[in-house]
Amino acid sequence: MSAGTVPELEHIGVLGLPQALPDVRTLDIPPRLRELAHRFESLCANAVDPLEVAAGLEADGLSDQAVKARYGCPDVFSLAEELFRLVPRAPAEPAPQPEVWAANPKLHLLRGVLFALPGLGYTAATPLLVRPAALAVLVGSLVLSWTLSQGLSYLGYVRLGQGRAAASYSVLRHGLFACGALVALLSTGLAVASDAGWAVLALGIGQGVYLLAATVLLVRGAELLLLLALTPAVLAGGLHLLGDHRLLPHWAELLGLIGSVLLTTGFALWRTRPANPVRDKAKLGWTELRNALPHALFGLCAAGLLALPVVWAVLPGAPEIPGAALAALPISLSMGIAEWCLFGYRRRMGRLLRESTSLPGFARRSRFVLTGVLTRYLLAAAALCAVVLLAVPGAIPAAVPTYTAYLALGGALFLALLVQALGLNTIALLACGAALAAEVAFTLTGGAGHWPLGTVWVQLSVALALLLVLYCHAAGSLGSAVRHR
């Protein structure tokens with residue numbers, strides 16, 4: 001908080017401007033005490049408690065005996081209290097702090113593109129996705145790998161924040177191997193149980209390994225390497241959309257997907273190579289794993305909420321849900337904008353923390369900042385939804401409710417990421433878990449198979465309720481100044 005919150009600022013006028021301060025050299029006090037007050041004027045003017053003055057006096061070499069002999073005070077603390085009373089408070093304005101949350105728009109937009117580009121690669125694998133068995137393998141792989149990648153990124157970022165770069169690279173590298181093995185094990189089990197075939201199994205494993213390796217590259221700040229690694233899959237998907245297999249046979253399109261997975265994994269291993277294999281090895285503790293668990297569970301909920309409507313759309317006997325296939329695309333693109341908005345929120349709250357003169361005023365203004373940043377994100381995401389809607393012939397107006405549901409879900413996920421970034425995990429995780437449970441319950445009771453239009457409205461209602469709950473939670477919790485220090 002700014003200096004205006006110090007109660008001893010009697011020299012602050014009604015307009016908040018400092019009034020002229022008396023010169024301590026003109027005070028009607030004994031000469032020795034006046035000289036001492038002048039010498040320690042800066043310390044006394046900036047102190048908020050006599051103990052600070054006492055510490056300065058002792059650091060200057062004054063003992064109780066010297067104070068009693070020279071100034072007639074029984075001890076250093078008594079002298080400090082007298083100086084604190086005599087010298088008016090005039091705390092200096094703090095030096096400008098470096099901007100920690102300076103945004104890099106190009107980087108944030110690039111990350112948004114990187115979140116969405118893999119979807120183009122899936123078009124090359126369309127012939128493999130016509131069976132429900134393939135969907136089971138791919139959704140299972142997606143949900144598990146997204147869950148693990150959220151926990152892995154938390155562990156990597158925490159160690160980087162602690163200045164332990166080598167330990168961060170170690171946990172990312174070993175986590176890529178361990179989590180990749182788990183994804184391969186789950187995908188194999190689902191493929192065998194559903195008789196999905198080897199091609200679908202390879203696609204499921206490749207999808208999971210790619211997501212984990214891409215997470216490693218994003219934590220390492222290697223966005224351009226990830227963009228380069230995605231090039232084969234994007235080219236394959238783009239040529240598949242052209243529909244002319246003379247340009248590229250189907251088997252060559254699949255090779256493009258494989259190439260992107262191999263390149264992403266290779267780049268991830270390269271960027272986490274240990275400089276000193278013995279020194280850089282850092283074991284995970286139970287505390288780190290326990291702290292990473294909420295982030296992993298949030299990844300599970302987010303993946304489930306995004307993927308479940310697509311599952312609804314392909315359930316056996318279920319009529320088509322308008323817009324379900326592409327509705328997640330603009331939300332994926334908007335995650336880069338969400339990151340940009342999050343940086344802007346942290347920057348504005350830091351400025352607000354320095355400028356506010358009362359805690360109630362800070363809390364009130366913080367809600368305006370929160371509302372503003374959420375509105376900016378929703379407007380940007382809505383613009384992306386509109387672009388996709390306009391690009392699909394006949395999508396309007398049938399798909400508008402589906403896109404609106406995803407827009408509300410995007411806003412809820414943005415708020416969940418925001419409160420988690422400020423150390424608040426519990427409410428966000430419980431709210432997202434409850435939303436996912438409600439949609440899963442609707443699916444298990446058969447609603448998704450018999451009432452597709454009702455399915456859209458259930459999704460919209462759940463997403464709006466989640467957005468409202470998280471907004472109220474953020475508005476109440478983030479109004480506390482201690483959250484932004």
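This is a predicted model: local features need pLDDT of at least 70, side-chain atom pairs count only at pLDDT 80 or more; totals for chains, interfaces and linings use all residues.
Modeller: Residues are numbered from 1 along each chain as its sequence is written, and side-chain values use heavy atoms, with hydrogens and water left out.

Colleague: How many cavities of 30 Å³ or more are there, and how much space lies in the largest cavity?

Modeller: A cavity is a set of points, on a 1 Å grid over the protein atoms alone, where a 1.4 Å probe fits but cannot get out. Points are joined across faces, edges and corners, and a volume is the space filled by probe spheres set on them. By this rule there is 1 cavity of 30 Å³ or more, and the space in the largest cavity is about 40 Å³.

Colleague: Which helix gives the most residues to the lining of the largest cavity?

Modeller: Lining residues have an atom within 4 Å of a point, and here they include Leu-305, Leu-409, Glu-439 and Gln-459. Helices are DSSP runs (H or I, at least four residues) numbered from the N terminus. At least two lining residues come from each of H17 (426–444) and H19 (452–477); the most, 4 residues, come from H19.

Colleague: How many salt bridges does a search of the whole structure find?

Modeller: Side chains of opposite charge can pair when their charged atoms come close. A salt bridge is a side-chain nitrogen of Lys or Arg within 4 Å of a carboxyl oxygen of Asp or Glu. By this criterion, the search of the whole structure gives 7.

Colleague: Which residue forms a salt bridge with Glu-355?

Modeller: Glu-355 is partly exposed, at 44% relative accessible area. The closest N and O atoms of the pair are 3.8 Å apart, and the partner is Arg-365.

Colleague: In which helix does Arg-365 lie?

Modeller: Arg-365 is partly exposed, with a relative accessible area of 38%. Glu-355 lies in H14, so the pair ties together parts 10 residues apart in sequence, and the helix of Arg-365 is H15 (residues 359–391).

Note on methods: On a 1 Å grid over the protein atoms alone, a cavity is a set of points where a 1.4 Å probe fits but cannot get out, and a pocket is an open set with protein on both sides within 12 Å along at least five of seven lines; lining residues have an atom within 4 Å of a point. Buried means under 20% relative accessible area, exposed over 50%, partly exposed in between (1.4 Å probe, protein chains only).
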